Amino acid sequence: MSIPALDMKAPYRELKPELDAAYARFMESGWYVLGEETRAFETEYAAYCGVGHCVGVSNGLDALHLALRAFGIGPGDEVIVPSNTYIATWLAVTYAGATLIPVEPDRNTFNIDPARIESAVTPRTRAIMPVHLYGQPADMDPIMEIADRHGLKVIEDNAQAQGARYKGRRTGGLGHAAAHSFYPGKNLGAMGEAGAVTTSDPAIAEKIRVLRNYGSQVKYHNQYKGYNNRIDELQAAFLRVKLGHLDVWNLRRQQRARQYLEGLRDCANIVLPPVPDWAQPVWHQFVIRLADRDAVQQRLTAAGTGTLVHYPIPPHLSQAYADLGWGRGAFPIAEEMAATVLSLPMGPHLSSDDAAKVVEALHG
């Protein structure tokens, strides 16, 4: 592709001296698991998110799962999740042994619709798990109000929105806890797998620290049936470097998004992503909707422009959840989005010229 959906080599080229120095520092330390790099990253990222605690873990799915476990959520409990999300959100609930209660999204923002949440709450509901999909914050104030009325926990899925703001506050610090993925393609991406949980609740943070390490706080003394979900020390070192550039890289994404919004506003066949007044998205993906999505994607591919579909199969129609019996039509808004969404090239290293070529190709 002459214009890739995401340039995965450019971050290293830009930050090579800093990343190479972090690697050398790690190698020379002689401490490769839960060392100083992890502790420093946890402190720095907690401050970035505006919370008291960050616990580094192995990946975003494990972050979601450990957050549920730390709140004591398991069999017999219900967790409200978006019907429109990556399947990891659902898998975390399944891993915890709880019951999924999907709620449809707002058609404009792609995120869970707060107006639909209240009717989904039952006496068994224990938590709400909103996702800041594509880097756009979910509407958190009404979600938190519902949670407060019903005594529920709110766990943000912040896998795609590092640095986004909701009414001036950063995501990752808006609920009772938040799960983060640092998969390489994320806005804050490691050079491999990594994740974290952020929270201002010291008891929850401490429980996750223990759960991630075989349920042990003191070696060979196991308090819980825990997991090996520790963040890799090398990835923590790399993340510390990238965290220092995250706001600048998000600004570049916002500039390219404005270019797309301006350049495509007169395309009658394209539904552009609206931005609520209270949101400052960080554009993990720039997602448009088209009735003829597949044909347009094929045309762009032939022209050398990479695109992706996030996501072609909603979780309820995946083979993994066929046992729950939700057939086609169970969640029509999620299904409509799966059939029409298209992610355009986006990233901190997408040039203005390349974005202009994408706009031109879509007008063709």
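**Close-up views of a predicted model**

**View 1. Threonine 340 and a backbone oxygen.** A polar atom of the threonine 340 side chain sits 2.9 Å from the backbone oxygen of glutamate 336. Keep in mind that this is a predicted model. Threonine 340 belongs to helix α11, which covers residues 332-340. Is threonine 340 buried or exposed? Threonine 340 counts as buried because its relative accessible area is 14%, and the cut-off for buried is under 20%. Once neighbours within four places in sequence are set aside, threonine 340 still touches Ile288, Arg289, Leu290 and Arg293.

**View 2. An aromatic pair between tryptophan 90 and tyrosine 321.** Searching the whole structure turns up 13 aromatic pairs. One of them brings tryptophan 90 and tyrosine 321 together edge-to-face, at 5.3 Å centre to centre and with 70° between the planes. Where in the chain do tryptophan 90 and tyrosine 321 come from? Tryptophan 90 is in helix α4 (residues 87-96), while tyrosine 321 is in the loop between α10 (293-302) and α11. They are 231 residues apart, so this pair links distant parts of the chain. Tryptophan 90 and tyrosine 321 are both buried.

**View 3. An aromatic cluster, with an arginine over one ring.** Four residues make up one aromatic cluster here: Phe41, Tyr45, Tyr48 and Phe182. Look at tyrosine 48 and you'll also find arginine 170, which lies over the face of that ring at 3.7 Å from the ring centre.

**View 4. The largest pocket.** Here's the largest pocket, with about 630 Å³ of space in it. It is lined by 31 residues, and those closest to its centre are Tyr86, Tyr183, Lys186, His284 and Tyr311. Which element gives the largest share of the lining of the largest pocket? That would be α3, with three residues. Helix α3 (60-70), α4 and strand β8 (177-181) each put at least two residues into the lining of this pocket.

View 5. Rolling a probe the size of a water molecule over the atoms shows where empty space is left. How many cavities of 30 Å³ or more are there? The count is two, and the largest cavity holds about 80 Å³ of space. Its lining takes in Asn108, Thr109 and Phe110, then Leu133, Tyr134 and Gln136. Pro273, Pro274, Trp283, Gln285 and Val287 line the largest cavity too.

Definitions and conventions:
Residues numbered from 1 in each chain as written. Heavy atoms only, no water. Helix = DSSP H or I, 4+ residues; strand = E, 2+ residues; numbered from the N terminus. Buried < 20%, exposed > 50% of the residue type's maximum accessible area, 1.4 Å probe, protein only. Polar contact = N/O pair within 3.5 Å; in protein donor to acceptor, adjacent residues only side chain to side chain. Contact = heavy atoms within 4.5 Å. Phe/Tyr/Trp six-rings, centres within 6.5 Å; stacked < 30°, edge-to-face > 60°. Lys NZ or Arg CZ within 6 Å of the ring centre and 35° of its normal. 1 Å grid on protein atoms, 1.4 Å probe; cavity = no way out; pocket = protein on both sides within 12 Å on 5 of 7 lines; lining within 4 Å. Points joined across faces, edges and corners; volume = space filled by probe spheres on them.
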